[in-house]
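Open the model and keep the sequence beside it.

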Amino acid sequence: MPLALYNSLTRRKQAFEPIDPDNVRMYVCGPTVYDLAHIGNARAVVAFDLLYRVLRREYGAEHVTYVRNITDVEDKIIDAAHANGEAIAALTARTTAIFREDMAALFNLPPDVEPRATEHIPQMIAMIERLIAGDHAYAAQGHVLFRVSAYPDYGKLSRRSRKEMIAGARVEVAPYKEDPGDFVLWKPSSPEQPGWDSPWGRGRPGWHIECSAMSEAHLGEHFDIHGGGVDLLFPHHENEVAQSVCAHGGKPFVNFWVHNGFLSVDSTKMSKSLGNFVTAHETLQEWPGEVIRLALLSTHYRDPLDWTEERLNQARQSLDRWYRALALPSEIGPVGLTADATAPTIAALADDLNAPLALAHLHEVAGTVNRTSDAEERGALQVALRQSAEMLGLLGDDPQRWLRGGTEDASAIEERIAARGLARKERRFADADRIRAELAAEGIVLEDNPDGTTDWRRA
Ligand code: AMP
Ligand code: ZN
């Protein structure tokens, strides 16, 4: 199924052609690990996980390389470590571990490579040296700056005028800059700040050069897809293009620039600085990861997504409906029917990751599962429902387990059901009824089977 992707560079949807179908390469800007990820950050991860899954399905898992970096050197990290009274390495190790756990709990596949900025300092220094050698950068007062005037295409990706760029980047006018639009590649570190020896003295890299150096190290000079939230288009991605193209003698850098839209609260972007955020970690304490994931997929990745309790409730209802359809008794059904029923979901996702349309197809398939009286047809459609959902990272759970509300206190419930079974066997019916009533009061419904076993689910 040919894939079409919206390319921020051309501002239109284009047929995706990989540079090398045996190695499709994608780089996505990862978290700055100073704090826990909020649910807007999680949206970006889920959006690119969906693209990764679609690419793996189309080209084969072994032919796709997904790199998502960890920014573990940045001024926000220095400030947060200072505020917490925590060592920088301890802070970044702790937040990276929680980030990985939370993203896995949202059913995101781990990227193939997760490079850390602190492990690529020599590559950053080497790239900066090349930029200086080519007159694209200059050193001044312990800083190295990219000379924006030396790259005529600067602003082409974000389509901004010079004036807008300067205003948008809130650039500092500093005495060591030739031009206020020039941006930092390297800056000096004071003795208590993290720093590395370099030809310009002890210092640390700017944020933008980190991604240029890490993408070059793991994907080469020219690769297929570069992603991130739409807030990164300018200045971060614009600066990455400038650095990489100039460091690579003018060669093309990225074919497709893909950006996810914002997750908002009351129509305002969720962000750390505004304080209107909830972390993925705390949301996961309250809702199953699959519910959160579905809620994040319920709007097209480029559209804004307003985060509400209602959206989470709807996601839970959809999952309950689908898992109920999967739990219906069936027989192994015809493969052709499975493939036909899966095709619309594949087509929807291949069309610029149209997840809302793909989800509408899941509802249709589940509806047919519920309606058919043919056990083989039902079996084929259940397989189709599972396979379609798998492309979205959904419905991987055991239906019975899901309908029972997870395993949390399942063993305790099962012990009480066993005690009731024993009471019935011993004709202590009052005890048996009491246990059933207690479970019912907790929302646990029992269904006795003719063979003497008892099934249970949450009401
Ligand atoms: P940061 O840690 O702020 O650099 O963000 C990490 C990733 O999350 C980047 O790709 C951002 O563009 C993305 N991001 C940040 N806030 C939001 C939001 N409210 N909605 C969607 N994506 C976001
Ligand atoms: Zn980046």
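Start with one pair: Ser-264 has Lys-269 in strand 12 as its bridge partner. Strands here are DSSP runs of E, at least two residues long, and helices are runs of H or I, at least four long, numbered from the N terminus. This is a predicted model, where local features need pLDDT of at least 70 and side-chain atom pairs 80 or more, while totals for chains, interfaces and linings use all residues. Residues are numbered from 1 along each chain, chains are lettered from A and ligands numbered from 1 as written, and side-chain values use heavy atoms, without hydrogens or water.

Strand 11 (residues 263-265) and strand 12 run antiparallel, joined by two bridges. Two strands pair if DSSP finds at least two bridges between them. The open sheet has three strands in the order 12-11-13, with mixed pairing. Its edges are strand 12 (268-269) and strand 13 (305-306).

Now find the zinc ion, ligand 2. Its protein donors are Cys-29 (SG), Cys-211 (SG) and His-236 (NE2), at 2.0 to 2.2 Å. Donors are N, O and S atoms within 2.8 Å of the metal (3.2 Å for Na, K and Ca); water is not among the atoms, so sites may look incomplete. Cys-211 lies in helix 6 and His-236 in helix 7, so the pair ties together parts 25 residues apart in sequence.

Turn to ligand 1. A backbone N or O atom of Leu-263 lies 2.8 Å from a nitrogen atom of ligand 1. Helix 1 gives the most to the shell around ligand 1: three residues.

How values were computed: A polar contact is a pair of N or O atoms within 3.5 Å; within protein, one must be able to donate a hydrogen and the other to accept it, and residues adjacent in sequence count only if both atoms are side-chain atoms.
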